[in-house]
Amino acid sequence: MIKAILIFNNHGKPRLSKFYEHYTEDTEQQIIRETFHLVSKRDENVCNFLEGGMLIGGSDYKLIYRHYATLYFVFCVDSSESELGILDLIQVFVETLDKCFENVCELDLIFHVDKVHNILAEMVMGGMVLETNMNEIITQVDAQNKMEKSEVNQDLTYSLFYLPV
Amino acid sequence: MSDVVEKTLTALPSLLSLDSQPGSAKLSSTSKLGNLIRGITELTSKHEEEKLIQRELTSIKDQVSSPNTSMRQMKELMVRAIYCEMLGYEASFSYIHAIKLAQQGSVLDKRVGYLAVSLFLNESHELLLLLVNTVLKDLQSTNLIEVCMALTVVSQMFPKDMIPAILPLVEDKLNHPKEIIRRKAVLALYKFYLIAPNQVQHIHNKFRKALCDKDPGVMTASLHIYLQLIKENSEGYKDLTASFVTILKQVVGGKLPMDFNYHSVPAPWLQIQLLRILSLLGKNDQSTSEIMYEVLDESLRRAEMNHNITYAILYECVKCIYTIQPKSELLEKAAKCIGNFVLSPKINLKYLGLKALTYVVQQDPKLALQHQMTIIECLDHPDLIIKRETLELLFRITNGQNVTVIVEKMLDFLRISKDDYTTIDLVGKVAELAEKYAPDNEWFIETMNTVFSLGGDMMQPDIPNSFLKLLSEGFDSDEEDRKLRLFAVDSYVSLLQSEPNKLPQRFLQVISWVLGEYSHLSAELEPATVMTLLSKLLDLKHTSSETKSWVLMAMTKLCEGGVAISVAQDIYETHSSSMDTVLRQRAQELQHLSQDSELRGRVLPRDAGLMPLEVDSSLSFLDGFVSEALAAGAAPYKPPHQRQEELAQAKALSLEPYSLSLPISMSSCSIADRQSPTLMSMSSGLSGDSTDLSHKGGSTTLKLDGVKRVWGREGYLAQREPVEETAQVEVPSPLRSPSQQAEADSTQSQTPTPTVTPELEQDKQQLASSLFVGLGSQSSVCLMGKSDPTPQRFRRKAQGRASSSGASEKTPTSLGSTPSPVDNLLCNSLLDSNLVSEPTNQTPQASQSLDTTNGNCHEELTDVKENNPSLIHNNEEPDKPKDLCLSSHLPTELSGLSHSEITPLCSNQSVNLSACHVQKEDSLQLVIFIFNSSDSALQQMQLQVDSGELKLSLITDSPVEEVRSHSVAVCHYSVTVKRPSVHVEVLGMLSYQLPGGTPQTIQFSHKLPLTTFIRPLTLSTEEYGSMWLAFSQDTKQNLTLINDDQDPLTTTLNVLKKKLQLHVVEIIGVEGIVACQLVQDQPCLMHCRVHAGTLAVWLRSPVPDLPDCLLYHCQRALQEH
């Protein structure tokens, strides 16, 4: 099971946080801070796995992270997940984001939090890996975006219709 | 930070223009969020950020509550609220609006609404109930996207009680034509299974259908469920092994569509999942393992491409190969793979290689030898995680010879580690190793000193606890004990003389206890000197009041002689007016006992540790006091639950039905059961106070009575005390004597050095030889299935082996001093046969089988055994000789009772473990049989059992440490339930050593159905009525009625009564009430009503989860009928 997915930048500012297990608001913030603290002090040439701190759940839990330019992507998982498998899942996630946003950068994540969440939801559902195939994820997301566009147009006619009144 | 701000600011306009689609609403919404973000990035302090966000939240709050806000604007506001929540600012006012948005909006608004709900709320949030209808509606929608959204939110969080409402709809989705829906439905059902297993019991067949789904995606999703199910019960799914193997074969063979390839590896995640399932299925099962050998070989062969993900598959393959029944060719390949991992320059692979090594090293210690130089390099690796993993590996291969080097490495790491979690974990490991393998006293005490100073106050309370226990119980020779204690005293005195203010509290407590107890051993140490040293601790600023009371206790033991008494007097004066009542109590004790040395001798006898202390748990010594109080008109004592009931009755309308009830009082009991010295001292201190308070200003004698009890319990630490022993199964193994160490050293020096590679430095090799000494020889588990032809690098002297086994024979072990259950039984049967003058007839098979299994060790007792009446009693199943023999070893107090079938737990070449249980009224008695099938005795045996749900206490007087060849040792536990669960599991580990061999461990788990803990609860209908009101945990469900010609309700209840040992209280018409209890004293009440052809049951209990679990077993019982 994946317990949490966190994205934060080099300064520890959260860009996305998704918890698949219930923690209180304070604990969530503490987890983000602590995770950033653990991850940020690691060099580039060390392994991508970390034993989870006590906050997240002790010896059974692991932090698996990747660092891309200004962002850290951290997955917190329990022992039922394969370490290298998750590492590649992060890669799939980032590649998908890259495709959806066309050269994704930190700002995309900031301004389209909801979109990022929707992409993530097609990949991980309730803490379980749902889909690992990038094309499939994009197909699903596109289907929803199409709907969005058609609705935007609908919406416009709707408001124009009422504008004179 | 400034560069980020700059980047953000410069990027903003372009981003906005890019995003500006037709429609001004879109633009303005983005710019609002844009403004917020721009605002935040411009800030310099946390305080300013807080102010800005609060302003933002107020503005959002105004807008969401305004009636003019359109759904579109609402959507935009939600995104802003999500952003604020992500930064850690609560926006609880928006929760209800998020639900509304999900309810009323168009598909697009819904999406944001659902997203916000899933980010804001959790499954126990009350607002979630408002979402149930929306989810119901969306699940029935014809719009695929709406169905998907509903399924996603359901699998993220859904209130447990509401699952039945949507379950049929989700089940229907398993037949949906679209694969994505089927897939999400499977995962949603899996989530239901995780939070409420009994609710989805009936759809296990549908899971099978999902496994056979024509779409590989749906099949992949169903594997999540199977992995979990098989983890819980691998026996039930063995029939699927062939299917999983076929699927894996097809995947590996590239039969899946190209879409599933990732970097041209076919469906790697699917392969990983399948390999994990296979390893669970093949564990301890030869025939199942055989089915998968071929495909594992194929996987290993195919996964040769040089991409990260193939290593993930390889790693799982290797783990699987080492988990299932071994096959030599595969093992060789797997070992090569591990080698590649460990030697890889890629750090992630090295990490996994170390992990794999740690996993396999117990079965195959030679593998660690092969890679010893790499391991040594990893010890100096700059990455702490790698270092930490290496230490974990070393921890597994520690033995008596390399312990000093390994512990030194661990302590080195501890000194640089800043992480609390690692510190706690590692400190525990060092303490464990030090206790197990300490070569001599000085090393042991010094290591423990470092452990205590580094571990500080974070470490597990067990560590100081078991250290003190070890010190006070001592080992085989009094002289050794004395030396050890003396050394501890000397070392602590010098510590106190140097810098006591740097020592952590726990360490100070240990020091004061040891000084109080043993400083008299040192001839040149005056009590007064120690008193003065201790009194300095009281003056230190950071000393906690708990530590102070330990110090005062130690002083009480010490105050002897003029100077000491005057010190005591001073201390009394400063602390007799302390605000802390416990401290005041201690000061009083100190004062009284320092004045009266004769009394002190009685209350605090020296070497009290040697005398067994009787604990009167019924507190019968207070009877006189109680009756006096009752005579004086005091109200009789009522247990808390009774008080609770009366309170409930007294209030006509109980407005707080869920207030304090039974579980709380129970949990407080269980805390007191497993005591650390600190807890103990606190609780005893409190009890001392309470007696004091209860008879204000009572006479001195009465007061001292209280004091005595306190000390009696405090002495408990020092005692071989039955209750304590049961709580802690782990037994410290005897320390090795210095002479043995010398022996070991000489062996070490004689070990031939491993193959020399010229460029390796001398010291690394030296380190290697000291780390891996004693590993290669005598791995009793020979996985290769053939005697090992590879030359052993480290050959031990034959003499060394003989001497070590000789040493353990020479010293009287606990087996010799206190009769083990086996001996006990034989003694008893001897008595029995004397009593029974006419020996009953013995069937030939039985005696024969007994002889063969018990072997020559008991030869002298054979005639006795042949007359053994208890054997005849058990002789109902002559076709099960092994079972029969084991059952003859049942502890005498259980031999008359009927026991469950003896089930094998695990076995290896030298030991067979099996277990059975006997249901007694107040507990379940679990008996574990350890049968030594090897030709030599098992030594230093330790059986550790543990369970998250159960409380196990050892009944056997002293734990068995040695089992002779071909004989049986018995461990007898009394088990009660801590936390109910459908199946409860006992996890155990047996560690032992064959003479001259390396320590071995073997692990097992034993599942017990909850039904074995259920007993009838006899009560009257009135009692039932009042209890019913008091219980807070409840569950309702419909069960199938058993319909035969008689009254269906009575028949059904009788079936339940028979199968689950329930007590039927009363049946009136179509209703019946039933009661039972979970041992010990955890009642559960059941109300049944026949309604529309089904049995509507309503269960209530004060114990969480008990109703659910019982319901599950009722369902099962009725299904099986």
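What is the handedness of the crossing of α26(B) and α28(B)? The crossing is left-handed, a term that applies if the near helix is turned anticlockwise from the far one by less than a right angle (clockwise would be right-handed). Before going further, some ground rules: this is a predicted model, in which local features need pLDDT of at least 70 and side-chain atom pairs count only at pLDDT 80 or more, while totals for chains, interfaces and linings use all residues. Residues are numbered from 1 along each chain as its sequence is written, chains are lettered from A and ligands numbered from 1 in the order in which they are written, and side-chain values use heavy atoms, with hydrogens and water left out.

Back to that helix pair. The axes of α26(B) and α28(B) cross at roughly 50° and come within 10 Å; axes here are lines fitted to C-alpha atoms, for helices over the stretch in contact, and angles run from 0 to 180 degrees between N-to-C directions. That angle makes α26(B) oblique to α28(B), given that under 35 degrees counts as roughly parallel, over 145 as roughly antiparallel, 65 to 115 as roughly perpendicular and the rest as oblique. On the α26(B) side, Val493(B), Leu496(B) and Gln497(B) meet Leu533(B), Leu534(B) and Leu537(B) of α28(B), where contact means heavy atoms within 4.5 Å.

Helix α28 of chain B itself covers residues 527–539. Its 13 residues reach 19 Å from first C-alpha to last, close to the 18 Å expected at 1.5 Å a residue; the expected span is 1.5 Å times one less than the number of residues. Several of its residues are buried, including Leu533(B), Leu534(B) and Leu537(B), along with Ala528(B), Val530(B) and Met531(B). Buried means under 20% relative accessible area, exposed over 50%, and partly exposed in between (1.4 Å probe, protein chains only). The cover over these buried residues includes α26 (478–498), α27 (505–518), α29 (545–558) and α30 (562–575) of chain B.

Zooming out, chain B has 51 helices and 16 strands, both taken as DSSP runs (helices H or I, at least four residues; strands E, at least two) and numbered from the N terminus. Of its 1121 residues, 54% are buried. Among contacts between residues at least 6 apart in sequence, 68% join residues at least 24 apart. The accessible surface of chain B is about 49,800 Å², with 53% belonging to carbon and sulfur atoms; such areas come from the Shrake-Rupley method with a 1.4 Å probe, and for residues only the protein chains shown count as cover.

A run of helices elsewhere in chain B packs in pairs. Helix α14 (residues 268–282) and helix α15 (residues 286–302) pack at an angle of about 150°, with their axes 9 Å apart, and are therefore roughly antiparallel to each other. Their contact brings Leu275(B), Leu278(B), Leu281(B) and Gly282(B) of α14(B) up against Thr288(B), Ser289(B), Met292(B), Val295(B) and Leu296(B) of α15(B). This crossing of α14(B) and α15(B) is left-handed. Next, α15(B) packs on helix α16 (residues 308–323) at about 150°, with axes 10 Å apart, which makes α15(B) roughly antiparallel to α16(B). The crossing of α15(B) and α16(B) is left-handed. Here Leu296(B), Ser299(B) and Leu300(B) of α15(B) meet Leu314(B), Cys317(B), Cys320(B) and Ile321(B) of α16(B).

Two other chain B helices are worth a look. Just after α4(B), Gly88(B) takes a positive phi of about 100°.

Chain A comes to 5 helices and 7 strands, in the order β-β-α-β-β-β-α-α-α-β-β-α. Of its 165 residues, 64% count as buried, and chain A exposes about 6,600 Å², 51% of it from carbon and sulfur atoms. Leu120(A) sits in helix α4 (residues 113–123) of chain A and, at 1% relative accessibility, counts as buried. Leaving aside residues up to four places away in sequence, Leu120(A) touches Ile5(A), Leu16(A), Lys18(A), Tyr20(A) and Phe93(A). The C-alpha atoms of Leu120(A) and Phe93(A) are separated by 7.5 Å, with the two residues 27 apart along the chain.
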